[in-house]
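Here are my notebook entries from a look through this structure.

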Amino acid sequence: MKEKFGLKGKVTLRVFDKDGKLKDIEEINNLIVNAGKAEVAKLIGSGLGGVAFTHIAIGTGTTAAAVTDTALEVEVTRKAATITSVITNVTDDTAQFEASFSSADGLSGNSAITEYGILNDPSAGDLLSHVVQSAKNLDWDAGDSLTVTWQIVVQ
C-alpha cells in the first residue's frame, strides 16, 4: 500500500470597514515553500531543532510566489497568529492560523496589500507558505481592517 503525505493550504482574506461590515472576501490556494517543508520535517523528528510556525506577515511585493522563497518580497508588518486545530478530513488534521491587521497595529495611510506568509519568528525566521495575488486596497486611517485566516491541511 502506498500512502501519500503532504501539506496543502488555503488562505481566506476578509476586508472590513470601520463599522465591521465585510467589504471583500477572497479564498486562494497557497504555496508551501522548500524552507517550510524542511522546517516541518525538523518538527516531526525529536531533537532536530524545528521551530513552530506562529506568525502571519503581510506585504506589498508583486513577484509571483516560488518554492525557493524564504521571506516576503516587501513585508509591511507581521503579527502573532491565533492558532487552532480544526477538521478538514479527519480530526485535528488542519492547523488554522488567524490574524487581523488594522491601524491599532501601527498601520496608517493607504496600502495595496498583495502578499502574505506564515513564519516561525516575530521578526525573521523560516517561511512556511507564501501567497502573492491581486491587491487588497486598504485605507487604515479610515478604519479598514484585514483578517487573514490560513489553513494548512496535513493530507
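This is a predicted model: local features need pLDDT of at least 70, side-chain atom pairs count only at pLDDT 80 or more; totals for chains, interfaces and linings use all residues.

I began with helix 1 (residues 34-44), where the buried residues are Gly36, Glu39 and Val40. Buried here means under 20% relative accessible area, with exposed over 50% and partly exposed in between, using a 1.4 Å probe and protein chains only.

Residues are numbered from 1 along each chain as its sequence is written, and side-chain values use heavy atoms, with hydrogens and water left out. Helices (H or I, at least four residues) and strands (E, at least two) are DSSP runs, numbered from the N terminus.

Next I asked what the buried residues of helix 1 pack against. I found strand 1 (7-16) and strand 9 (127-139), with contact meaning heavy atoms within 4.5 Å. Helix 1 lies across strand 3 and strand 9, running at about 130° to strand 9; axes are lines fitted to C-alpha atoms, for helices over the stretch in contact, and angles run from 0 to 180 degrees between N-to-C directions.

Five strands form an open sheet in the order 3-9-8-4-5, with antiparallel pairing. Strand 3 (31-32) and strand 5 (75-80) stand at the edges, each with a single partner strand, so one side of each is left without a neighbour in the sheet. Two strands pair if DSSP finds at least two bridges between them.

I looked up strand 4 (residues 55-59) next: five bridges join it to strand 8 (residues 110-119), where Leu119 stands opposite His55. Five bridges also link strand 4 to strand 5, again antiparallel, and Thr77 is the bridge partner of Ile58. Five of the five residues in strand 4 are buried. His55, Ala57 and Gly59 point one way, and Ile56 and Ile58 the other way.
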